[in-house]
Amino acid sequence: MAANRATLIALTALAPVSWGTTYAVTTEFLPPDRPLFTGLVRALPAGLVLLALVRVLPRGAWWWKATALGALNIGAFFPLLFLSAYRLPGGMAAVVGSAGPLFVVGLSALLLGQRPTARNVITGFAAASGVSLVVLKAAGALDPPGVLAALASTASMSAGTVLTKRWGRPEGVGPLALTGWQLTAGGLLIAPVAVLAEGAPPALDAPAVGGYLYLALANTAIAYWLWFRGIGRLTATQVTFLGPLSPLTAAVIGWAVLGETLTPLQLTGMALAFGATVAGQITWPVPSSAPGAAGPSPRASAPSGGSSAALSRLR
């Protein structure tokens, strides 16, 4: 049982690790200044491919549920995240994003009936502090729209994570179909915004085509499938505490591949954030006789550097 759980956590962790490669791929292979087009190409083709594979469409209430989840996890999250990353200095967008576990702890209390614990709150603050040490650059003037976009993107993904946990999946529908529904819905929501804001698609060379294929398939279709699969089997807080692996991966890639440096302070931050990630996976049994203790809800019983790290949460 413990081995199976460790394997599940490790597979779910591959999602934020994959998202940590986004910045390097974007800067090295893709056309510059086309964040919405990149988000569209990542989401919509991946969603359509998954729909073609599973050949299952939503039914009944799941049409609006899938649309809502697709908007929160993809359609709103991508544009808001890119906007914040481009407007805020020195990795501030990643710092705000690292507060996701705290958002999820609060939303889980409201929507899943899971009482926040002091351990989860302290671990969440430790994760955010560690990421701050890794990505935060010299202070600059904070742009209010950028700050609001960063907060909104974090709240959007956090709400999507908790609602995905609360609603579960329809009977007989697997995580692959649920992922396809959300990616397709999110991509369709991004499409008109991308056209209005960025115009016609850019010309693509071979490296760009390869980069987009990687982002659409490995970085989005497979990664989000692993993520939503993990949400279905782990707690919402467990899943979201894996999020700091994204900026940590970006920092390591920036050091190993892009020639960026890691200072002792950044290494300390990486250790702190990684320690918080590991601590977030530890579950402690609550005695049934404890005041206010309750059994798990049927919907919630299964478990949630350099400049590269600054944009590492560009999932």
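Start your tour of this predicted model by selecting helices H5 and H9, which make a left-handed crossing. H5 covers residues 77-87, and H9 runs over residues 144-167. Look along the pair: the two helices pack at an angle of about 145°, and their axes lie 8 Å apart.

Now show the side chains where these two helices touch. On the H5 side, pick Phe77, Leu80, Leu81, Leu83, Ser84 and Arg87. Facing them from H9 are Pro145, Gly146, Ala149, Ala150, Ala152, Ser153, Ser156 and Met157. Colour this set by class and you will find nine nonpolar residues, four polar and one charged.

To see where they meet, select Ala71, Leu72, Asn73, Ile74 and Gly75 in H4, together with Phe77, Phe78 and Pro79 in H5. By class, this contact has six nonpolar and two polar residues, with no charged ones.

Next, bring in H3, residues 35-54. Its axis comes within 10 Å of the H5 axis, and the two cross at roughly 145°. Which hand does the crossing of H3 and H5 have? This one is right-handed, whereas the crossing of H5 and H9 is left-handed. In H3, highlight Pro35, Leu36, Gly39, Arg42 and Ala43; their partners in H5 are Phe78, Pro79, Phe82 and Tyr86. Seven of the residues in this contact are nonpolar, one is polar and one is charged.

Zoom in on Ile190, where H10 bends by about 25°. Within four residues after Ile190 comes a proline, Pro192. Finally, click on Gly199, which follows H10 and has a positive phi, near 80°.

Key:
Residues numbered from 1 in each chain as written. Predicted model: local features only at pLDDT ≥ 70, side-chain atom pairs only at ≥ 80, totals over all residues. Heavy atoms only, no water. Bend = angle between axes of the 7 residues up to and from the residue. Axes fitted to C-alpha atoms, helices over the stretch in contact; angles between N-to-C directions. Left-handed = near helix turned anticlockwise from the far one by under 90°. Contact = heavy atoms within 4.5 Å. Nonpolar A, V, L, I, M, F, W, Y, C, P; charged D, E, K, R; others polar.
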